[in-house]
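Grab a pencil and keep the viewer open. Here are some exercises to work through, each with a solution in steps.

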Amino acid sequence: ATSAGITGNTSINITVKDAGIHVFIGIPSGSFPNNGLVSHNTRHRTYRLRFVCHSDSMDENVGELIGLNGSVMHNTSFLEILHSLPGELDVRSNVSGHTLMPPSEEGIYTCRIPLNNGEVEEINIGIYRSNTASINITSVVFRSESSSSTLTCISTGSPPTTVTWTVKDRQRITMRDGDSETRNGITYQLKQTVIDRKNSTYSNVLNISSASGDILEYACTVSNSWSSDTKHTEVRVTIYAVGSERLGENYSLSCDVTGINNVAVSYTWSGPGTTVQGRDHQQLFLSPVTLAAAGHYTCTATVGSLHLTTSKNVTIAIPAPVVGVSSNASGGDLYAGSILTLCCTITINDQLMSAGNMVMVTSTWLKDSITVTSNGQRITTSQTKHSGSTDEYISTLSFNTLRIGDTGKYTCQANISHSSLFTVVGIGMANTTIMITNPTVMLSLTLNTTRLLNVPPHNTFSLTCTATVP
């Protein structure tokens, strides 16, 4: 019974088993429920608890009351043994006035009845004051051994408490000491150990047969009828990157487990063409960085029965190429009607050559930020081709007939990509500006006056000379 201020003047018969009850004696607010454990006299502010321990055994042994110090006790200022009969013990509290019970006498008492066969039947009875109702969780510790993992929640409560564990998927696990339960293929078992019986301090250990995931979250909630306290704990595995992901640089991945007191962790790495495992492989070295290192990496940390798995993408940035633009013009002005070819030279990082056909080099010509398209007649662009040099590619833009409208800034943008999804395209560009002008045409006019001799004086006439340019 955990209610306070119960009225009536009856007693309860307790069949003595390996169990326990906790009685909370206090001055509650509001009306008093009529449950019959505690007698209440409003006028004299008297509260009394009476309990009778009774054994199912036919033995004739007399019951004993074990005090807070572990020895057989008799009457105290608070508890009075009314009578001890064979197989039975009748105990009553004797408290009056404003002080409900001395602080020194609150705690767990044991009603014990020895049996003839040498065994003992007993029940623990916790008696507490209202002004000491409290819950405190001092620590939640996660440990893992070779066969199982344990969560230990150290709690102190008055009156004594119940423990509820909550796992990540919000399932509540409420069990008594020694209970076992299986959920989703995972077996949980609760073991409660008394650390300090007088102060109701318990070690609540939750044994977990196995668990897996990247984050294992648990909460320990300790409560009684007056208050509760909850503390959370989690075990997490994280991959940290050390160094630079640039080609040729030093780079490594480290797999770290936090939130658990463990003796040994075994690590298993998997990635592009790589599987490494063992206790000495917390760190995976990828130095010097090559394009082959790009990809998805997974680390599984095995701690006893725990399997913590997390992953990380390693993305390699392809170095930008060196780009240059030149023309076949011999120098001087460019005139409408002439022919012009612009050449884009693309030089890639020599470390990319080892990747073979997995590296793709493409280029785009732009005029004033607008893509230039080939019409197959007046303007043509070529595919980006390997020049024959180990690290050089070439693309051209040709004008069969220049026009005034072709004046502008021309840019060659080169893109270096890789077949892996875990690479970043390297981009380089260069530009040049061309100015197109009309050619200067020198015109001459010769007048043969012999044919004008018959023109009357003072008459006028006009002569027209027309020049056509491309």
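A salt bridge is a side-chain nitrogen of Lys or Arg within 4 Å of a carboxyl oxygen of Asp or Glu. Before we use that, note that this is a predicted model, where local features need pLDDT of at least 70, side-chain atom pairs count only at pLDDT 80 or more, and totals for chains, interfaces and linings use all residues. Residues are numbered from 1 along each chain as its sequence is written, and side-chain values use heavy atoms, with hydrogens and water left out.

**Exercise 1. Find the salt bridge partner of arginine 236, and say how exposed the two residues are.**

Step 1: The side chain of arginine 236 meets that of glutamate 234 in a salt bridge, 2.9 Å from N to O.

Step 2: Now the cut-offs: buried means under 20% relative accessible area, exposed means over 50%, and partly exposed is in between (1.4 Å probe, protein chains only).

Step 3: Arginine 236 has a relative accessible area of 30%, so it's partly exposed. Glutamate 234, at 31%, is partly exposed too.

**Exercise 2. Work out which parts of the chain the salt bridge between aspartate 406 and arginine 378 ties together.**

Step 1: Check the distance: the closest N and O atoms of aspartate 406 and arginine 378 are 2.7 Å apart.

Step 2: Strands (E, at least two residues) are DSSP runs, numbered from the N terminus, and helices are runs of H or I with at least four residues. Aspartate 406 sits in the loop between strand E35 (392-399) and strand E36 (408-418), while arginine 378 sits in the loop between strand E32 (370-371) and strand E33 (379-381), so the pair links parts that are 28 residues apart in sequence.

Step 3: Aspartate 406 is buried, at 6% relative accessibility, and arginine 378 is buried at 16%.

Step 4: For the overall tally, the structure holds 4 salt bridges. Another one of them joins lysine 231 and aspartate 229 (3.8 Å, N to O).

**Exercise 3. Is asparagine 204 buried or exposed, and which side chains make polar contacts with it?**

Step 1: Asparagine 204 is in strand E16 (residues 201-208). With 0% relative accessibility, asparagine 204 counts as buried.

Step 2: A polar contact is a pair of N or O atoms within 3.5 Å; within protein, one must be able to donate a hydrogen and the other to accept it, and residues adjacent in sequence count only if both atoms are side-chain atoms. The side chain of asparagine 204 makes one with the side chain of serine 155 at 3.0 Å, and one with that of glutamine 192 at 2.8 Å.

Step 3: Contact means heavy atoms within 4.5 Å. Leaving out residues up to four places away in sequence, asparagine 204 touches a list of residues including Val163, Trp165 and Leu190.
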